[in-house]
Amino acid sequence: MEEGSKGDYKSSRGVGSFKSALSGRSSPRNSPSFRRLHSSRTPRREARTSGGVQWFRSNRLLFWLLLITLWAYLGFYFQSSWAHSNNKENFLGVGNEASNEKPDDLLVDDSPVALKNETAQSEPKAGKSIDVVLAKKDDGVASRRSLSSKKKSKKAARGKARGKPKKTVEVEVHEMEEQEPDIPKTNTSYGMLVGPFGSAEDRILEWSPKIRSGTCDRKGDFARLVWSRRFLLIFHELSMTGAPLSMMELATELLSCGATVSAVVLSKKGGLMPELTRRKIKVLEDKVDHSFKTAMKQDLVIAGSAVCASWIDQYIDKFPAGASQIAWWIMENRREYFDRAKVVLDRVKMLAFLSESQSKQWLEWCEEEKIKLRSQPAVVPLSINDELAFVAGIGCSLNTPSSSTEKMLEKRQLLRDAVRKEMGLTDNDMLVISLSSINPGKGQLLFLNSARLVIEEEPQPDNSKIKNAVRKGRVRSALAKKHHLRALLQGMNDHGVLSNGFPLSTESSVHLKEDRKKHLLLHNRFASVDDTDALNFDVTHKRKVLADNGGTVKQSAKFLIGSVGSKSNKVVYVKELLSFLSQHSNLSKSVLWTPATTRVAALYSAADVYVMNSQGLGETFGRVTIEAMAFGLPVLGTDAGGTKEIVDHNVTGLLHPLGHPGTPVLAKNLRFLLTNPELRKQMGLKGREKVERMYLKRHMYKKFVGVLLKCMRPK
């Protein structure tokens, strides 16, 4: 009984334990018996699973590091895709409205005409956006922005001009800037509109700037310094004027030397965008956040105008460390530009100016405002580009055995004859040109007034104040005497030998009274012809003079003004010029106009004299001045600013005072060159020699190397 009872007890206890195990009430949930009963997994699969979980538990830190790395990689990937995508509005199916917000203080104030033009230029982009939306219509990703752009394109299509076809407009955009609608681009408005002559250049020269791929000197210091570097260039606008053109050529040179170049355009006013596209210069659409982030990744940021102050100010406020990588190439010389830029002048790494006079003026303003610059400014004058040097017959990187300098000089003469024939000029006509934006600062109205004096008031020689007559019986005009005397006095040493390049032969001699010589040397260089009463002349010359008899050929002057249609023109001022011409019919018959264009080699080839009549503080530098000198033209310029530094008085040209006092002096200088064609050519040759000596591309980039060395971090 006891054994049986013991056995029953054991068996009943075992059964009870088994039921308890089956119910799971007395077993922990995480026990192996519980998991085995409540799971379909086999013991082998369970061992594998539990081993992986235990590995992750033991290496939890490594797991999180892997997860963070993956997340960071995905973030950088999508950010890079967005930054380099041309279709940011539909990136991942989401419109990016924030990137198109543009602060007002970063934009240059444009006229309503310029704003209309910018809207018109953006129409093709709107059409392109519509195509993308239609392609994604099935996915249901079209945004409100795409729909609104579709409506805008319909309105723009209805509001397009009904006259000219689209193809013609595209050709004109490449050749010239679009004319403002307030002044029609017709001969009815201007009297005679000639050019541009790009097709004539291509036909006669058998060469076009479009075929060139780069002119970098790979062995030069500039090329070695910028190779594989990254640069961001800031354009204040895209007009066909000195600063944008210089920045565009700098970008082209950097690209040809192996650098990576991006550009930020603060205002698309002007016609250089197609040219930037042709030269493969990448323009960033966003002027704010994206441009700031791009700037931080560059080796150097180069701003090309004082107008860029607003962009620089906001960039430094957002990224203070970025101030050490900004080189500011300032190309303006008026006080309002200094007031605009003074808030950040002491924050950028380095300033660069175009001329010594400009540098001196800005340093004086900085002293007045107690602004201390971080480093001494550099002076980097502009240069003529290789395309113009090539056509002018100056040796450059574009010359080949089939297009040597001698052959290019022959072709340039053919180009001159063809262009002058198209203008209706004869060999006896002296063509005087002035190419710049039309505004009061350039002094075109004063120039036309001087031209009126030449056309309508022919000079008469005043013999009453001349003590001795001319030996051969031919009386030289009083103006010619004054300028010839001035050249002799300024270049004569104590032994009576000239040092300015004009030979003093026995055919031309001047006798001065000793008691008046010292007074004359100290006299104003612009003294009137009446001050020659104390001089005794004994002069014989062989120059052709303007006369109605005596067998000499009478020459006439023609005046060409550009640049019609430039977005930098002041419409009110242009109308003032046209009104002035309408009041002087004789003058209007002698005035020609030409559109704004980058193809200016034909105009320089056809011209005989160049006029730089900038007012105020004078021209900052005058890129067109050295271009004209490269083509052998004497320059008549104002005695101020960069023009005074470039033009050697009585050697490469003649200077005249600023403002209204300079109007009669400029007229007399024009008459003097009109009556002395041989001296005109001699001055032109002297100017060409100076350009070859100082203002070629290699000279500019040699000075630019110093700026780069001080601003860029070494590799």
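How many disulfides does the rule of cysteine sulfur atoms within 2.5 Å give? The count comes to 1 disulfide. These legends describe a predicted model, in which local features need pLDDT of at least 70, side-chain atom pairs count only at pLDDT 80 or more, and totals for chains, interfaces and linings use all residues. Residues are numbered from 1 along each chain as its sequence is written, and side-chain values use heavy atoms, with hydrogens and water left out.

**View 1. The disulfide of Cys216 and Cys257.** Here the S to S distance is 2.0 Å, and the link is right-handed, with 105° about the S-S bond. Cys216 sits in the loop between helix H10 (198-205) and helix H11 (221-226), while Cys257 belongs to the loop between helix H12 (242-256) and strand S2 (260-265), so the bond ties together parts 41 residues apart in sequence. Helices (H or I, at least four residues) and strands (E, at least two) are DSSP runs, numbered from the N terminus.

**View 2. Buried cysteines.** Buried means under 20% relative accessible area (1.4 Å probe, protein chains only). Cys216 is buried at 16%, and Cys257 is buried at 1%. Look also for Cys396, buried at 19%, and Cys711, buried at 4%.

**View 3. An open sheet of 6 strands.** The order is S12-S11-S8-S13-S14-S15, with parallel pairing; two strands pair if DSSP finds at least two bridges between them. Strand S12 (591-595) and strand S15 (653-656) are at the edges, each with a single partner strand, so one side of each has no neighbour in the sheet.

**View 4. Strands S14 and S15 paired.** S14 (residues 635-638) runs parallel to S15 over 4 bridges. Thr638 has His656 in S15 as its bridge partner.

Methods. A disulfide is a pair of cysteine sulfur atoms within 2.5 Å. Buried means under 20% relative accessible area, exposed over 50%, partly exposed in between (1.4 Å probe, protein chains only).
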